[in-house]
Amino acid sequence: MSEEHVFETLPLPSPNAYPHRIAIIGDLGLTSNSSTTIDHVIVNDPSMILMVGDLTYANQYLTTGEKGAPCYSCAFPDAPIRETYQPRWDGWGRFMEPLISSSPMMVIEGNHEIEPQVSGITFKSYLTRYAVPSEESGSNSNFYYSFDAGGIHFVMLGAYVDYNSTGAQYSWLKQDLNQVDRAKTPWLVAAWHPPWYNSYSSHYQEFECMRQEMEALLYQYRVDIVFSGHVHAYERMNRVYNYTLDPCGPVYITVGDGGNIEKVDVDHADEPGNCPSAGDNIPEFGGVCHINFSSGPAEGKFCWDKQPEWSAFRESSFGHGILEVVNSTYALWTWHRNQDIYKDDSHGDQIYVVRQPELCISSTLEGGGKPEDGGGLTNEAADLLARWTWFAASIEMLTVAVIWTSFY
């Protein structure tokens with residue numbers, strides 16, 4: 001039997017109550033770098049952990065001999081299937097016990113959890129060990145679900161099950177988003193394993209099909225932040241929609257830098273000689289939808305020739321992130337690099353994410369309205385729209401007055 005442990009449950013849905021700190025970790029594994037990451041997380045004292053896939057890397061342990069392989073299929077082309085090694089799963093659980101025995105951890109599956117076995121069995125180790133509120137959120141699938149943590153509604157999506165707009169996950173997602181009451185949970189945060197926006201060569205446009213199927217729906221309901229892993233580096237995007245800067249789009253953040261066995265990714269697709277070919281980065285699930293950009297500085301190209309305008313900050317270092325939601329408007333995001341663990345008040349990246357729903361009121365209705373309903377504005381939404389229209393008109397009149405004065 002284990003020792004007795006004590007933990008605090010998450011706050012009930014409320015615009016005035018939030019978890020103290022939320023640690024975001026991806027692609028952790030079980031290496032010396034993983035240990036540094038978790039030591040650093042514990043120092044930051046989170047009240048909740050969000051694990052965005054690729055937990056143990058037990059599916060590579062036997063084949064690689066615990067040696068790093070940035071490209072598994074390249075280094076071990078004759079491996080028949082990706083194995084599963086149960087002692088590695090158990091060891092990872094013991095390794096995580098000091099943290100997750102006192103702080104709740106919510107998980108979503110990554111490609112290293114697939115572990116294909118005989119008779120078409122997949123995800124067996126992962127599904128056996130981790131329970132998620134799928135029934136409670138109406139999904140009836142452990143591969144995608146949602147939950148509330150104070151004033152935040154989290155949507156956890158599965159990239160390795162059907163994500164097409166005609167499928168069950170999409171149908172559930174639309175229903176779940178439609179039921180969100182932004183008066184109770186102002187913040188809407190989504191997470192899945194492989195990033196849609198990524199300027200590294202590794203996994204470049206790998207899940208473009210998923211983006212094309214789901215992005216419009218998330219944009220329609222004004223998701224605030226999206227967390228992913230998969231790429232073994234850190235990258236934060238500017239607000240973006242359909243590869244275009246958009247103040248109403250989410251802030252996409254990649255934190256696949258937990259410390260795993262496959263080493264850190266360093267090559268950027270926009271650097272000379274690093275642009276992947278169309279045959280690279282084939283997903284382990286779903287189709288291939290690689291595209292050339294249709295507008296902007298990279299029009300007609302598969303890769304940019306400089307850091308994309310939607311990529312705000314990127315660095316090839318191991319680490320983790322901390323999200324601190326202050327209120328219904330402000331949230332502080334901090335990325336902590338492992339090399340800064342012994343420095344006081346040091347971090348690799350830090351910004352405030354600011355919610356301004358009134359700027360996007362034309363297609364998102366505060367208080368749980370349906371964007372597709374057109375004219376069915378709630379009283380709150382109508383009031384916001386009226387105030388914003390008045391404010392915009394006032395600014396326009398003021399601008400005209402200034403120009404008129406300057407002219408004379």
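Predicted model: local features only at pLDDT ≥ 70, side-chain atom pairs only at ≥ 80, totals over all residues.

Analyst: Let's start with the link of Cys-275 and Cys-303, which is right-handed, with 85° about the S-S bond. Its two sulfur atoms are 2.0 Å apart, and a disulfide here is any pair of cysteine sulfur atoms within 2.5 Å. Cys-275 and Cys-303 both lie in the loop between β11 and β12, so the pair ties together parts that are 28 residues apart in sequence.

Residues are numbered from 1 along each chain as its sequence is written, and side-chain values use heavy atoms, with hydrogens and water left out.

How covered are these two cysteines? Cys-275 counts as partly exposed, at 36% relative accessibility, while Cys-303 counts as buried at 8%. The cut-offs are under 20% relative accessible area for buried, over 50% for exposed and partly exposed in between, using a 1.4 Å probe and protein chains only.

By the sulfur rule the count comes to 3 disulfides. Another one joins Cys-209 to Cys-289, S to S 1.9 Å. The torsion about that S-S bond is about 95°, so the disulfide of Cys-209 and Cys-289 is right-handed. Cys-209 sits in helix α7 (residues 208–220) and Cys-289 in the loop between β11 and β12, so this pair ties together parts that are 80 residues apart in sequence. Cys-209 is buried, with a relative accessible area of 9%, whereas Cys-289 counts as partly exposed at 23%.

Then there's the disulfide from Cys-248 to Cys-360, S to S 2.0 Å. Its torsion is about -100°, so the link of Cys-248 and Cys-360 is left-handed. This pair links distant parts of the chain: Cys-248 is in the loop between β10 (244–245) and β11, Cys-360 is in the loop between β15 (349–354) and α8 (379–407), and they are 112 residues apart. Both Cys-248 and Cys-360 are buried.

Back to the loop between β11 (251–255) and β12 (311–315), where Asp-267 also lies. Asp-267 is partly exposed, with a relative accessible area of 39%. If you leave aside its neighbours within four places in sequence, Asp-267 is in contact with Tyr-200, Ser-201 and Asn-274, contact meaning heavy atoms within 4.5 Å. Asp-267 and Ser-199 are 68 residues apart in sequence and 9.0 Å apart in space, C-alpha to C-alpha.

Of its 408 residues, 52% count as buried. Among contacts between residues at least 6 apart in sequence, 73% join residues at least 24 apart. The accessible surface of the chain comes to about 18,400 Å², and 53% of that belongs to carbon and sulfur atoms; the areas come from the Shrake-Rupley method with a 1.4 Å probe, and for residues only the protein chains shown count as cover.

Definitions and conventions
Helix = DSSP H or I, 4+ residues; strand = E, 2+ residues; numbered from the N terminus.
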